[in-house]
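This report describes a ligand site and the sheet that contributes to it. Please look over the sequence and the structure before reading on.

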Amino acid sequence: MQTCNNTAIITSRDALQRHLRLSEDERSFNESLPSSLPMKIPTYFLSLINPEDPNDPLRRQVIPTGSEQIPQGQGTQDPLQEIKYSVTDRLIHRYESRVAFLTTDICPMHCRHCFRRRFTGTFQGPATKVQIEKAALYVETHPKITEILFTGGDVLTLSDACLEAMIRAFRDKRPDLIIRICTRMPASFPMRITENLITMLKRFPTAPFYLMCQFNHPRELTPQAIEAIDRFIDAGIPAMNQTVLLHGVNDDVEVLAELCNRLLAHRIKPYYLFQGDLVEGTAHFRVPLEKGFAIEEALRKRLSGLAMPLYAIDLPEGGGKVPLGRNYLLGKSKEGQWMFRNIEGEIRTYPDPINVEQSDQGHLG
Ligand SMILES: *Cc1c(COP(=O)(O)O)cnc(C)c1O
Ligand code: SF4
């Protein structure tokens with residue numbers, strides 16, 4: 001890794017205990033269980049935690065607990081069935097127009113809610129040249145694919161040179177391919193976003209990059225984080241945010257409203273608010289759907305359309321992403337009017353156009 005040297009990352013309970021007093025649940029995390037995601041906390045992120053607050057929302061995201069090692073029965077290793085949808089080693093093709101490429105399993109920080117724990121931190125390292133070539137060939141021969149997600153792990157743990165080679169491999173074959181840089185680095189280790197990185201990205205002007213980041217709490221939006229995001233946006237790379245709805249972190253209207261408004265004020269579009277996936281070890285983070293609906297409804301009342309993320313769920317057993325929210329469409333009345341409940345709870349109707357022939361109703365699919 002380039003700028004994340006080990007002196008700046010906490011990986012053991014002993015080291016952590018020099019910074020804060022652990023709760024019983026945190027102390028009971030068994031570091032030697034092989035199935036567990038190891039502890040990994042950059043001192044930058046650790047410094048954002050209030051050590052006096054055992055329920056600090058940033059603390060909950062990074063300090064391992066015994067709770068996550070209690071088998072729940074509901075979760076699985078790979079609820080999105082990414083292994084089944086893999087078309088080459090590390091390339092997942094679940095939706096027609098886009099693919100996800102697991103660029104590396106390495107992250108500067110291990111989030112306890114990580115949905116890709118089956119892969120994250122498993123010491124497989126960055127994708128090899130052969131894996132990259134095979135994935136690029138697949139994209140070349142599937143022209144319906146217009147976007148690739150560089151995900152992981154965290155793609156920005158690659159050195160600038162490795163990332164450049166990876167981009168080149170895909171863009172040589174598909175100059176038009178939109179690349180999403182999916183990274184938590186602006187939140188976990190913003191110092192990684194250097195002028196060098198941005199200069200390198202600017203060498204690929206044939207199609208856009210999109211920055212997809214993950215801020216889960218407004219306190220993660222530090223001056224350093226904002227500076228990192230500014231660098232991308234000033235270089236013409238739009239920034240989107242994907243938040244995971246997490247119990248005890250952000251399952252609160254005030255917190256999420258502040259997060260979304262501050263993201264928007266810093267030119268980051270709130271894109272998704274994700275319901276927690278059924279991943280083993282993350283049950284204590286999952287929010288009941290009814291509460292999620294209530295939060296979504298309250299946010300929709302308060303936030304502008306730009307500030308409002310789409311609440312969505314990735315259905316178990318590889319069911320795919322589905323938007324979530326209260327139903328505003330109630331159905332069709334006896335008179336053939338579409339009936340809606342509006343944001344104030346009033347019933348309103350909308351008629352279909354009159355005298356439209358069946359064949360004029362549009363070509364779906
Ligand atoms: C979420 C996801 C995508 C991207 O979906 P969008 O709705 O376009 O953001 C692509 N591939 C996989 C496998 C995904 O899980
Ligand atoms: S940065 Fe992303 S991939 Fe890495 S541990 Fe966090 S959620 Fe998982």
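## The shell around ligand 1

In what follows, Ala, Val, Leu, Ile, Met, Phe, Trp, Tyr, Cys and Pro count as nonpolar, Asp, Glu, Lys and Arg as charged, and the others, Gly among them, as polar. With that division, the shell around ligand 1 in this predicted model comprises five nonpolar, no polar and five charged residues. The residues concerned are Ile92, Arg94, Tyr95, Arg98, Leu149, Arg180, Tyr271, Tyr272, Asp314 and Lys321.

Two strands, β4 (91-95) and β10 (268-274), each contribute at least two residues to this shell, and β4 gives the most, with three residues.

## Polar contacts and burial

Oxygen atoms of ligand 1 are approached by several side chains: an N or O atom of Arg98 is 2.5 Å from one, an N or O atom of Tyr271 is 2.6 Å from one, and a polar side-chain atom of Arg180 lies 2.8 Å from one. Taken alone, ligand 1 exposes 390 Å², of which the protein buries 89%.

## The sheet

Both β4 and β10 belong to an open sheet of ten strands with mixed pairing, whose order is β3-β4-β5-β6-β7-β8-β9-β10-β11-β12. At its edges are β3 (86-88) and β12 (320-323), each of which pairs on one side only, and the twist from one strand to the next averages 30°.

Within this sheet, β9 (residues 239-244) runs parallel to β10 and is joined to β10 by six bridges; Val244 has Phe274 in β10 as its bridge partner. Helix α9 (residues 223-234) packs on the sheet, where α9 touches β8 (209-213), β9 and β10, and the direction of α9 makes about 160° with that of β8.

Notes
Residues are numbered from 1 along each chain as its sequence is written. Chains are lettered from A and ligands numbered from 1 in the order in which they are written. This is a predicted model: local features need pLDDT of at least 70, side-chain atom pairs count only at pLDDT 80 or more; totals for chains, interfaces and linings use all residues. Side-chain values use heavy atoms; hydrogens and water are left out. A residue is near a molecule or strand if one of its heavy atoms lies within 4 Å of it. A polar contact is a pair of N or O atoms within 3.5 Å; within protein, one must be able to donate a hydrogen and the other to accept it, and residues adjacent in sequence count only if both atoms are side-chain atoms. Accessible areas come from the Shrake-Rupley method with a 1.4 Å probe; for residues, only the protein chains shown count as cover. Helices (H or I, at least four residues) and strands (E, at least two) are DSSP runs, numbered from the N terminus. Two strands pair if DSSP finds at least two bridges between them. Axes are lines fitted to C-alpha atoms, for helices over the stretch in contact, and angles run from 0 to 180 degrees between N-to-C directions. Contact means heavy atoms within 4.5 Å.
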